[in-house]
Amino acid sequence: MNKPSDTQSIETVSLWVNGRKQATASSRLGEVTNPATGAVTRRVPFCNRADIDAAVAAAQAAFPKWRDTPPLRRARVMQKFLQLLQANQKDLARLVSEEHGKTLPDATGSVQRGIEVVEFACGVPHLLKGEYSEDVGTGVDCHTVRQPVGVCAGITPFNFPVMVPLWMFPVAIACGNTFVLKPSEKVPSASMRMAELAKDAGLPDGVLNVVHGDKEAVDAILNHPGINAVSFVGSTPIAKYIYETCAKNGKRVQALGGAKNHAVVLPDADLEFAADALIGAAYGSAGERCMAISAVVAVGAAADPLVALLRKKAEAIVIGAGDKEGVDMGPLVTRQHRDKVTGYIDQGVKEGAKLVVDGRGQKVPGYEGGFFLGTTLFDHVTPEMKIYQDEIFGPVLAVLRAKTLEDGIALVNRNPYANGTAIFTESGGAARRFENEIQVGMVGVNVPIPVPVAFFSFGGWKNSLFGDLHVHGVEGVKFYTRTKVITSRWPHQDTPAPGFNMPTLG
Ligand code: NAD
């Protein structure tokens with residue numbers, strides 16, 4: 001790792017507890033790098049149990065008052081927060097690009113998708129309304145209320161430093177909860193900036209807290225008796241661990257995991273259109289998206305012309321630093337991750353896949369220390385190969401071949417991941433069959449990355465999500481609230497005698 005000579009000048013990121021920056025109680029620090037240059041730009045505290053205790057204590061102290069704040073007043077804070085996010089969108093995107101490596105336009109788009117969740121959160125009061133039934137028994141009424149669950153925590157991945165935290169805390173907070181956010185230690189700065197903006201928007205101290213770190217901080221969250229619900233987004237092994245640990249500890253949990261997203265391309269598709277869509281979906285953000293297309297299933301006669309188009313377009317992609325004009329694809333997040341992805345390319349060659357475009361050895365003049373890797377395209381990949389089975393999370397696209405739509409659907413359905421998928425076709429009948437039979441949580445029809453808009457919910461199936469409810473949209477509101485059912489009778493003329501049988505109310 002390249003380190004600047006004057007290590008004293010490197011800022012250490014703070015925690016955000018009770019509405020202000022705080023130093024860590026831990027002696028462990030990590031390093032944040034600029035992936036384009038390889039330079040260490042910041043240090044990040046690896047929080048310990050005492051740090052987590054302090055953040056949870058602040059969130060617990062803030063909860064009673066925030067819970068009792070009328071939903072409309074909470075929504076007004078969200079409206080102000082929305083305005084501040086919009087006003088600071090460019091700066092947030094710059095922070096994302098600087099710590100993650102993605103291009104500025106891509107980072108700006110991801111911040112926009114996060115902002116849209118805050119727009120949704122402004123309308124949450126409407127979704128907090130309960131139900132009411134009069135006379136469920138003689139003189140007996142029944143109603144429901146949705147109440148906040150208490151202190152919630154969010155643990156987020158490196159690849160969307162603004163959008164994924166915004167999937168969580170605005171909805172939780174608008175529902176009346178307080179929140180402890182632990183962003184990825186690779187990209188800590190955007191979360192700190194959002195916490196400052198939330199305070200400027202009028203969010204009371206302690207409602208949103210930000211801690212940093214690795215497994216030690218996460219375990220302290222998972223085992224903390226003061227935390228009632230945990231939202232997680234990250235890789236599948238960790239998602240499974242989060243789900244199991246929270247379940248053991250009696251916490252409400254949603255744990256979104258990794259992915260292997262397939263696009264099925266039928267011979268009747270507009271192949272030029274499909275290839276353009278696939279190139280963006282495979283190589284955008286250097287393939288480091290949970291909804292990236294990493295496997296193309298070319299059906300029948302689509303295969304050869306599609307691979308030829310993909311090759312031409314993959315070779316034309318401009319690779320460079322994310323903040324440079326005209327760049328399509330930036331570096332990978334860390335050197336270690338770049339080397340891991342390179343290892344998969346070596347393995348694919350050994351496994352006998354046909355390497356059509358080789359991204360190894362990519363150089364970017366002036367950025368020799370950066371974590372760059374070129375676009376890579378494999379053809380004739382089979383389900384037995386590791387490059388198909390594993391989530392590579394880099395700019396590596398694998399083409400598999402299937403004889404029929406039926407074979408293509410069966411192949412996708414055998415994969416243990418099930419986050420997103422897409423079909424490219426001109427046939428309504430084929431698309432409808434795909435929509436109906438595919439065992440995947442989010443489906444695109446001629447849409448390569450079908451990330452639902454904020455007022456729908458986001459989530460995969462199978463190993464891509466452990467838990468019952470997706471994030472944001474109505475499912476997010478359900479996750480962050482508990483239903484209480486109240487049955488009431490007001491004694492008046494016919495006071496019933498005490499009873500010992502199961503009440504039937506009628
Ligand atoms: P990751 O699982 O390594 O880390 C995610 C979070 O878990 C981070 O905050 C990290 O600090 C923490 N963590 C890491 N190791 C841990 C451990 N051993 N114990 C406890 N906590 C731990 O994921 P990542 O590399 O940051 O992000 C990439 C992954 O996230 C990919 O698998 C990608 O598909 C997935 N992802 C999924 C979605 C989705 O919506 N399903 C969205 C974005 C990213």
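Me: How much accessible surface does the protein chain have, and what share belongs to carbon and sulfur atoms?
Reply: About 21000 Å², with 52% belonging to carbon and sulfur. Those areas come from the Shrake-Rupley method with a 1.4 Å probe, and for residues only the protein chains shown count as cover.

Me: What kind of model is this, and how are residues numbered?
Reply: This is a predicted model, where local features need pLDDT of at least 70, side-chain atom pairs count only at pLDDT 80 or more, and totals for chains, interfaces and linings use all residues. Residues are numbered from 1 along each chain as its sequence is written, and side-chain values use heavy atoms, with hydrogens and water left out.

Me: OK, how does the radius of gyration sit against a compact globule?
Reply: A compact globule of 506 residues would be near 23 Å, and the chain has 25 Å, which agrees. That's over C-alpha atoms, and the globule rule is 2.2 Å times the number of residues to the power 0.38.

Me: And what does the C-alpha trace span along its principal axes?
Reply: About 85 × 65 × 40 Å.

Me: How many helices and strands?
Reply: The protein chain has 16 helices and 23 strands. They're DSSP runs numbered from the N terminus: helices are H or I with at least four residues, strands E with at least two.

Me: What fraction is buried?
Reply: 57% of the 506 residues. Buried means under 20% relative accessible area, exposed over 50%, partly exposed in between (1.4 Å probe, protein chains only).

Me: Switching to rings: how many aromatic pairs does a search of the whole structure find?
Reply: It finds 8. Rings of Phe, Tyr and Trp (its six-membered ring) pair if their centres lie within 6.5 Å; planes under 30 degrees apart are stacked, over 60 edge-to-face, the rest tilted.

Me: Why is F158 with F393 classed the way it is?
Reply: The planes sit at 85° with ring centres 5.8 Å apart, so the pair is edge-to-face. F158 is in the loop between β8 (151-155) and α6 (163-174), while F393 is in the loop between α13 (386-389) and β17 (396-402), 235 residues apart.

Me: Are those two buried or exposed?
Reply: Both F158 and F393 are buried.

Me: What about W167 and F458?
Reply: That pair is tilted, 4.3 Å centre to centre with 35° between the planes. W167 is in helix α6 and F458 in the loop between β20 (442-445) and β21 (461-462), 291 residues apart. W167 counts as buried at 3% relative accessibility, and F458 does at 2%.
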